[in-house]
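These are my notebook entries on what I looked up in this structure, kept in the order in which I worked.

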Amino acid sequence: MNLNERNELYTEAKYLYLGFFNEYPPEWLLEKYVKVHDAYDVSASQKEIKTIGAIVKRGLDVEAVEYVMRLRKRDNLLTKKVEIIHYLAECSSRRFGDFFLEADIDWRAWVLLLRSLVRVPWCFVMGHWLIRRHGLA
Amino acid sequence: MRDVIIVGSGPAGASAALALAGRDVLMLDAGHEAPSIPSDFSGNLLDLRRESSDLTPHLVGEEFQSMQNLFVSRKVNLKLKSPYMGYIIRDWQNLSPIVSDNFDGVVSLAKGGLANGWGGGVYRFTDEDLASFPVGYSELAPYYDLLTEHVGVSGTNDDLEPWLIHDDNLQEPHRLSPMAQEFMERYGARRQDFHDEGVYFGRARVALLTREHRGRRPYAYDRMEFFRPRDPALYTPAYTVEELVQAGRLEYRPGLLVQQFKDTADGVEIVARPVGGGDPIVFRARKLLLGAGAINTARIVLASAEDRETRLPLLDNALACFPVFRFGRLGKAMSPEDISAGQMMVLCEEVEGVGTVQGSFYGTTGPLRSDVLFDLPLPAGVARTLLKLSASATSLIMLFYPGVKRPGNYLRLRNDGALDINYAPEVPTGALERKLIKNLRKVNYFSHRALIQYPPMGSGLHYAGMLPMSDNPGRYECHPDGRLSGAHGVHVIDGACFSALPSKNLTFTIMANAMRIAEAAVGAS
């Protein structure tokens, strides 16, 4: 992997992580994201690779786009990359509260869940629109 | 010449060695060892996740082993892919390959076998379960009793007693999760309604200690089951092998893969290849006990006959899985008892066309969230929120259907030494799952038919029936004492000699039967 490719992966990881966790990732996560691409063959079609690049460069809603891409084809490049980000994020104590409840929140859970579920139709519609608008794979 | 050679150190091999302890017994085994675990990966996993800035080496792996399912078409069992558990299935595709389009089988070459990654369910077969076998419960009972004491089994005698058989030697069952505890209370209040539908719930019987036993400490509720092997509280046959070796009652030779045998009236010649490569080594014994795991035992028998044509039968349990929700528990943080071990058992009587079906109720807190997040038809952030809020409100029911013998389901040895396996998918009708879902609603536990999944054949890891026992065995069948038909000194002691595969977990019966066969073949120690 040459320096350009590594830098692209760093930029990509920063953007994907930011899209799901609203902050930039720690340095170790960026390093490991690149290392995963060394360890496994994360190859895909040129169109899929360009799609990832377009999402990052144009600052698109990655959650929405990934959602629709996954509905269309489970095994797509963007979903794999987002999964890699999540595997690494889950290993960080900083993200503990994103994956686990610290204490009982009882009725507030329903509020959070309903608020969260509103994003489902939003992501569905927005994802389709972004994919068509930007000619994504 | 040795008195006995045992092939394999899994449930069958270890139990046979236990039965023959102190005799002249040599165990040959591939014997991959569990890795040593760094000292900083200890304690409660939830606490570690809360406190450690980077748990990647332990949960995902330095080589990102836990992510392998993102890059392969045939997924690895979630419990067997984490970095420290991966040794259980290390190298199997190179050393004991299987070729199949429709069977997700896997083989273990580890010391202790696939039981190093099991759920620990230990259940006695009743006479009804053994109906197709040439042995009955009374012949296995003494061995079940011995093993209950040796292994350490926790559970209780409850509504499931008619099917699990009364046992006075059980340790108290492990603590239930709040969701399971509440379920048992609600079930108790409406017990008869369930029974009228032929549905029974009770505590699982598990080889999981709740008290110290034979130098092993009780379960610590540390939630490490998916990530750290060799928890002293959860039995693995490796403990038996090590105990016997340490006591000088078994000679153990790891690093060897048995290829074939030659059976004569004077004894058995066994050819083994070093796992790391090298010239074959020949051993001789009066008796050979084959306990390499049903699939590998069948491979050895076919290779010994140089038979690349015969299709041996193969039995597997079709599986059905679905999550169950208790909406009243949404928003509850996980308690120490929210573990992934089997909490309860469900038994469904007289399922049409199938017979009795058994299943287990598991917690869902074992695997990484990322293992399941993207399988939900939701945006990732929404799925993550849902899993977070429902962790303590969700259980998983996994049903095992009895294995069905069909001519199209077979195993055959290829010229290249791989096994060709064909196993036509057996997708249950869904009637039982829908019936269970309907019954669970009576006590406000919810699921939906759209959530039912049917994992591929082979993924249940219960294989049996390639060389079945029979009163009048033909070629590639075994006598009631496990002796391979036509052979003088070769006995099959693992699931390959099972005459049927009921719904009930077969491991404990493999162990008891292996002890029985070992004593019949050689005499009690």
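I began with charged pairs, and I took a salt bridge to be a side-chain nitrogen of Lys or Arg within 4 Å of a carboxyl oxygen of Asp or Glu. The model is a predicted one, so I note that local features need pLDDT of at least 70, that side-chain atom pairs count only at pLDDT 80 or more, and that totals for chains, interfaces and linings use all residues. Residues are numbered from 1 along each chain as its sequence is written, chains are lettered from A and ligands numbered from 1 in the order in which they are written, and side-chain values use heavy atoms, with hydrogens and water left out.

**Entry: salt bridges**

By that rule I find 42 salt bridges over all chains. Side chains of opposite charge can pair when their charged atoms come close.

For exposure I call a residue buried under 20% relative accessible area, exposed over 50%, and partly exposed in between (1.4 Å probe, protein chains only). Glu33(B) is partly exposed at 43%, whereas Lys111(B) is buried at 8%.

The side chains of Arg406(B) and Glu426(B) also meet in a salt bridge, 3.0 Å from N to O. Arg406(B) lies in the loop between strand S14 (394–400) and strand S15 (410–413), and Glu426(B) in the loop between strand S16 (419–422) and helix H12 (431–441) of chain B, so the pair ties together parts that are 20 residues apart in sequence. Arg406(B) is partly exposed, with a relative accessible area of 39%, and Glu426(B) counts as buried at 12%.

A further salt bridge joins the side chains of Asp416(B) and Arg414(B) at 2.8 Å, N to O. Here Asp416(B) is exposed at 53%, while Arg414(B) is partly exposed at 26%.

**Entry: nonpolar cores**

Which residues have the most contacts inside the largest nonpolar core? A nonpolar core is a set of buried Ala, Val, Leu, Ile, Met, Phe, Trp, Tyr and Cys residues joined through side-chain atoms within 4.5 Å. The largest has 156 residues, and those with the most contacts inside it are Phe201(B), Phe261(B), Ile270(B), Leu399(B), Met466(B) and Leu467(B). Helix H13 (residues 507–522) of chain B gives the largest share of this core, 10 residues.

I then looked up the surroundings of Phe261(B), with contact meaning heavy atoms within 4.5 Å. Leaving aside neighbours within four places in sequence, Phe261(B) is in contact with residues including Ile270(B), Leu288(B), Ile300(B), Leu484(B) and Val490(B). A second, separate core of 69 residues includes Phe21(A), Met126(A), Phe64(B) and Leu368(B).

**Entry: the second largest pocket**

On a 1 Å grid over the protein atoms alone, a pocket is an open set of points with protein on both sides within 12 Å along at least five of seven lines, and lining residues have an atom within 4 Å of a point. The second largest pocket is lined by 22 residues, of which Glu8(A), Leu9(A), Glu12(A), Ile49(A) and Lys81(A) lie nearest its centre. Helix H1 (3–21), helix H3 (46–58) and helix H5 (77–90) of chain A each give two or more residues to this lining, and H3(A) provides the largest share, 7 residues.

**Entry: positive phi**

Most residues other than glycine have a negative phi, and most peptide bonds are trans. Ile165(B) has a positive phi near 75°, and its place is in the loop between helix H6 (161–164) and helix H7 (178–189) of chain B. Ile165(B) is buried, with a relative accessible area of 16%.

Note on methods
Helices (H or I, at least four residues) and strands (E, at least two) are DSSP runs, numbered from the N terminus. On a 1 Å grid over the protein atoms alone, a cavity is a set of points where a 1.4 Å probe fits but cannot get out, and a pocket is an open set with protein on both sides within 12 Å along at least five of seven lines; lining residues have an atom within 4 Å of a point.
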